[in-house]
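Please walk through this structure one part at a time. The text below begins with a single residue and then widens to the whole chain.

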Amino acid sequence: MLNGLLGKIVSILLAAAISGGASAMSEIEPWDAADAFLQDLSAWDKQTTMTYMDNEYVNFLENVKGTDEEMDRLEEALFRNFSYELEECATKGEVAVVKVKVRNSDFRKIMDSYKKESYKYVTENLYSDDVIDKEKLNKKCLDIYLDQIEKTAGEEPSYEAEVFLPMEQDGYGGWRMILSDEIMKEILGELEIPTNE
């Protein structure tokens, strides 16, 4: 009889804990979800970034072939001058949008600088085995790209944009960002990423 009563008490406590957790989850507001997302993104939180691997920018930054040290440098430089301010929020049913003012380094000239420097490297090393070796050439190109990003990140932040961050309910009482490539590009100061073209 004692075991039966103990089992019922445990069941009641477990049900209360589960329903309490669910109600706590349902209290997450779009404003708070946007704030948490931007904080996690700027810290390059792996749990958050893995959720958005379909985004071209997130995918590139997660899968670019570099050492851990190079990836740490890249992520630090991209978010060194990043800041944001939540301004407005609108919700209708299962969708919402939060207007955010973002500030960052202005990375718009990175690709031009990268192309210029990589072209210079190739032409100066036409007869080097490093140019023929794809792995070494890719590493050098990443070095050049990273150097340009770090150089820009060392300057005063000069990029500012209003970003409209759309989201939808995730079915668990929270919100999932609808993170387009264009939104991510704005967050990253109009950064362009290298392509295979």
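Thr49 sits in helix H3, which covers residues 46-51; helices here are DSSP runs of H or I with at least four residues, strands are DSSP runs of E with at least two, and both are numbered from the N terminus. The model is a predicted one, in which local features need pLDDT of at least 70 and side-chain atom pairs count only at pLDDT 80 or more, while totals for chains, interfaces and linings use all residues. Residues are numbered from 1 along each chain as its sequence is written, and side-chain values use heavy atoms, with hydrogens and water left out.

Thr49 counts as buried because its relative accessibility is 2%. Buried means under 20% relative accessible area, exposed means over 50%, and partly exposed lies in between, with a 1.4 Å probe and protein chains only. Leaving aside residues up to four places away in sequence, Thr49 touches Trp44, Val58 and Glu62, where contact means heavy atoms within 4.5 Å.

Trp44 is not a glycine, yet its phi is positive, at about 50°. With a relative accessibility of 4%, Trp44 also counts as buried. Glu190 is another non-glycine residue with a positive phi, here of about 65°. Glu190 belongs to the segment after helix H9 (181-187), and its relative accessible area of 18% makes it buried.

Next comes the sheet. What is the order of its strands? Four strands make up an open sheet in the order S1-S2-S3-S4, with antiparallel pairing. Strand S1 (83-92) and strand S4 (175-177) are at the edges with a single partner strand each, so one side of each has no neighbour in the sheet. On average, neighbouring strands of this sheet are turned by 25° against each other, direction ignored. Axes for such angles are lines fitted to C-alpha atoms, for helices over the stretch in contact, and angles run from 0 to 180 degrees between N-to-C directions.

Two strands count as paired if DSSP finds at least two bridges between them. S1 and S2 are joined by nine bridges in the antiparallel sense, and in S2 the bridge partner of Cys89 is Val98. The hairpin of S1 and S2 has two residues between the strands, and in this hairpin Gly93 takes a positive phi near 60°. At another place in the sheet, strand S3 (residues 159-169) runs antiparallel to S4 and is joined to S4 by three bridges. There, Gln169 has Trp175 of S4 as its bridge partner.

Lys99 is a residue of strand S2. Is Lys99 buried or exposed? Its relative accessible area is 17%, so Lys99 is buried. Lys99 touches Glu85, Leu86, Glu87, Glu88, Glu162, Val163 and Phe164, not counting residues up to four places away in sequence. Of these, Leu86 is 13 residues from Lys99 along the chain, and the C-alpha atoms of the two are separated by 6.2 Å.

The helices can be taken in turn. Helix H2 (residues 30-42) lies across S1, strand S2 (95-104), S3 and S4, and runs at about 145° to S1. Helix H5 (residues 68-79) has 12 residues and reaches 17 Å from its first C-alpha to its last, close to the expected 16 Å at 1.5 Å a residue; the expected span is 1.5 Å times one less than the number of residues. The buried residues of H5 are Glu70, Met71, Leu74, Glu75, Ala77, Leu78 and Phe79.

Helix H6 (residues 110-124) has 15 residues, which should span 21 Å at 1.5 Å a residue, and this agrees with the 21 Å between its end C-alpha atoms. Which residues of H6 are buried? They are Ile110, Met111, Tyr114, Ser118 and Tyr121. Seen down the axis of H6, the buried residues fall within an arc of 95°, so they line one face of the helix; the arc is that of the directions from the helix axis to the C-beta atoms. Asp112, Lys115, Lys116, Tyr119 and Glu124 are exposed on the other side of H6.

Last comes the chain as a whole. Its secondary structure amounts to nine helices and four strands, which follow one another from the N terminus as α-α-α-α-α-β-β-α-α-α-β-β-α. The chain has 197 residues, of which 35% count as buried. Among contacts in the chain with a separation of 6 or more, 71% are between residues 24 or more positions apart.
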